[in-house]
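Open the model in your viewer and keep the sequence panel beside it. We will go stop by stop, selecting a few residues each time.

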Amino acid sequence: MSDSALHASHWGAFRARVQDGRIVEAIPFEEDPDPADLLGSVPDVVHAANRVARPAVRRGWLEGRSRVDAPRGADEFVEVDWDTAIDLVAREITRVRREHGSEAIFGGSYGWASAGRFHHAKTQMQRFLAASGGYTGHVGTYSFGASSVILPHVLGFDANTSDSHAWDDIAEHTETWLMLGGVPTRNMKVDSGGVGAHRGARGLARALAGGARAINVNPIRDEAPTGAEWQPIRPGTDVALLLGLAHTLLVEDRHDRAFLDAHTTGFDRFADHLRGASDGIAKDADWASGITGIAAERIRGLARDMSVTRTLITTTWSLQRAEHGEQPYWMTVVLAAMLGGIGRPGEGFAFGFGSTDGIGSGAQRFRPPSHGKGDNPLAGREIPVARIVDALEDPGGAYDFDGERRTYPDIRLVYWAGGNPFHHHQDLGRLRAAWQRPDTVIVNEPWWTPTAKHADIVLPATTTLERDDIAASSSDDWIVAMKRAVDPVGEALDDSEIFRRLSLAVGLDAPYGSVDDALREMYEAGRASAARIGVDLPIFDEFWERGSTRLARVAPRNPLARLRAGEPLATPSGRIEIFSETIDGYGYDDCLGHPAWLPPREWATGYPLHLISHQPATRLHSQLDGGSVSRAAKIRGREACRISPTDAAARGIRDGDVVRLFNDRGSCLAGAAISDAVMPGVVALPTGAWFDPDPETGIERHGNPNVLTADRGTSKLAQGTTAQTTLVDIERFDGDLPPVEAFDPPRIARR
């Protein structure tokens, strides 16, 4: 252990200052030009009062009482010793496999977990479950679940994190930059796998300094930097805007017919759709204006400008987290194809700018040090990540997914490590009810999170600062030795040690030798991968002694530049598929053979305000919510909800009031922050406030927007999340304020 060892996290590298065995400060890495304020929360959470100190078992599960009498999330816990806990878990896993088969064990465990590649909780868990007989996993992500399915059909690859455009290319070449969803700089403070030196915000500043006309198409003005033109838009209507732009290009003969003929397929069928050949509705600027709220002449003028300038269209991941979320991504590609700039520097399209720090800064061409999760005997039977509640509610039920007709497994045991479904998932009231259905829920967790409180067996896990590890990301310039800084809190064990003990308890060999040997092996595998492309990394001992190694900067390269040179794509046609015969053949009514505007079902609910539940600036998802940075931004202990002056005045809401947001799915309390950066008709409540339902009234007391969001798939194609398609109302809360207990441990007794 060291009192100044370099460490790493998703929000940045830092040196941990230790005093009397406690972390007292996280000092930003001296090589980081733009460190994140989130580091200020690190000491708070490592030594938080809500750390899980010992293994604990829910009393109702331990004593065999029915879940009606003692439901998950409301029962007390009984602390047990490690031998007892391991025996209980091993026996239950063995029983479920014997009685119901391995598919009855769900090991999805979605979440970012830690930046460390060896102690990555989900990887450790899935490695154990795979070795012990297999498990039902998940496919896709909440971040870009819809687009990761549609893009391979259209482009032949998933372009969400592809190395497509560099910030410097935008600065040098882009003249018009259409930012769909903006480019939110708060997300550039984080990157999965760790950040040695933040580059995104400075890259964005360089890009804007190049003189491009940047247009922020967004319901919220400050989702893009100062200087960008703000074009407010009705949430969820970007597809209609893109169709209106495309119609203008078509009817005014401003589209690049040569590019379309050479590199795309199906344009003529799509052009018929634009003209309204089949439905009698021309998708012109006037039609788009009625849906988006943007003036028709503004749409026509923008299309004309884009047709005579070097134009880049960027679309954030958030746009596809909506009903029919496949469509804005598909239509982004189609509009860029009509403009003809795809494959040229600073032109065409790109996805994910402003979604994490590394996008736009280049990616390493070798596999960084990582730890494999092993081969799951049940691979191919995964469920879409956002359909966990459907699976719990409807075992054996059939569903559509990307051209296949699949069946949900009968899940009897859920094992979760390194994630928080009570943050990521939608309609938390529905999730909470479905969460009662499995026989057993097991959680490895450092803190008494909402997920831990809704478990049957909770195994205390260490934080990254209580163990050795390696942080490495293909989108970062640094590999960092994450050295243990303090002793484990309470009786916490590393996830690797928990699964080593479980492996022995179920009759398996230990999965690996010492942690030191595993780290060495993992690093040397990454070093060998780097050597194959001519990148020289120091040997492990030298790296570990030094604490970090810097990699040469790699410039992004646009994978579609090869298309312009005549290299075919991995699509059925070898071209960009504006019309997809494959998707058309699926016969889906909610995802046609070409991009289209499909009104969301949510609009029929009649609630007057669109809820934007974007990523927070004060934490990573729900990580660090209990830290000082996140708590300081709350209003009367609750998450801040931004509302326009117009909507606030109409409801008698003043800045700093506690308000209630509600719809038919649920309600939550939040603190009102009146802002003219939010367009009328919209409220913005960040995700990640720890779920805190009042046991008497059911109202969520802390400001978690996912009690309001709808849990339905984007379409039969991708079954992604639709969090951003949510309507609500809001009112001032004048009753007695209930206490916020999100960070309080549950009732705990000793056995």
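**Stop 1: a strand with partners**

Select strand β12, residues 311-315, together with β8. The two run parallel, and five bridges join them. Zoom in on one spot: T176 stands opposite T311 in β12. Keep in mind that you are looking at a predicted model.

Pick W177 and look across to β9. Its bridge partner there is A214.

What holds paired strands together? Strands of a sheet pair through backbone hydrogen bonds, either parallel or antiparallel.

Next, show helix α7, residues 200-209. With β8 and β9, helix α7 makes a right-handed β-α-β unit. Trace the path from strand to helix to strand in your viewer.

Five of the five residues of β8 (residues 176-180) are buried, so the strand is largely enclosed by the rest of the structure.

**Stop 2**

Move to β4 (residues 56-58) and β5 (residues 77-79). This pair is antiparallel, with three bridges. Select R58, then find F77, its bridge partner in β5.

**Stop 2: rings in pairs**

Show the aromatic side chains. How many aromatic pairs does a search of the whole structure find? The search finds 24.

Start with Y415 and F499. This pair is tilted, at 5.5 Å centre to centre, with 45° between the planes. Y415 sits in strand β17 (residues 413-417) and F499 in helix α18 (residues 495-505), so the pair ties together parts that are 84 residues apart in sequence.

Then select Y523 and F543. Here the rings are stacked, 4.6 Å centre to centre, with 10° between the planes. Y523 lies in helix α19 (residues 515-531) and F543 in helix α20 (residues 540-546), 20 residues apart, and the pair links these distant parts of the chain. Y523 is buried, at 0% relative accessible area. F543 counts as buried too, at 0% relative accessibility.

For a group of rings, select F106, W416, F422, W435 and F691. Ring pairs link these five residues into a cluster.

**Stop 3: arginines over rings**

Select R501 and W82. R501 lies over the face of W82, 5.9 Å from the ring centre. Then select R660 and F662. R660 lies over the face of F662, at 4.2 Å from the ring centre.

**Stop 5**

Select S41, in the loop between β3 (22-28) and α1 (42-46). Is S41 buried or exposed? S41 is buried, with a relative accessible area of 0%. S41 and S630 are 589 residues apart in sequence, yet 7.8 Å apart in space, C-alpha to C-alpha.

Go to D20, in the loop between β2 (14-19) and β3. Phi of D20 is near 55°, a positive value in a residue other than glycine. D20 counts as exposed, at 74% relative accessibility.

Finish at Q719, in the loop between β28 (682-684) and β29 (727-732). Phi of Q719 is also positive, near 55°. Q719 is buried, though, with a relative accessible area of 11%.

How values were computed. Residues numbered from 1 in each chain as written. Predicted model: local features only at pLDDT ≥ 70, side-chain atom pairs only at ≥ 80, totals over all residues. Heavy atoms only, no water. Phe/Tyr/Trp six-rings, centres within 6.5 Å; stacked < 30°, edge-to-face > 60°. Helix = DSSP H or I, 4+ residues; strand = E, 2+ residues; numbered from the N terminus. Buried < 20%, exposed > 50% of the residue type's maximum accessible area, 1.4 Å probe, protein only. Lys NZ or Arg CZ within 6 Å of the ring centre and 35° of its normal. Pairing = 2+ DSSP bridges. Right-handed = clockwise from strand over helix to strand, strands pointing away.
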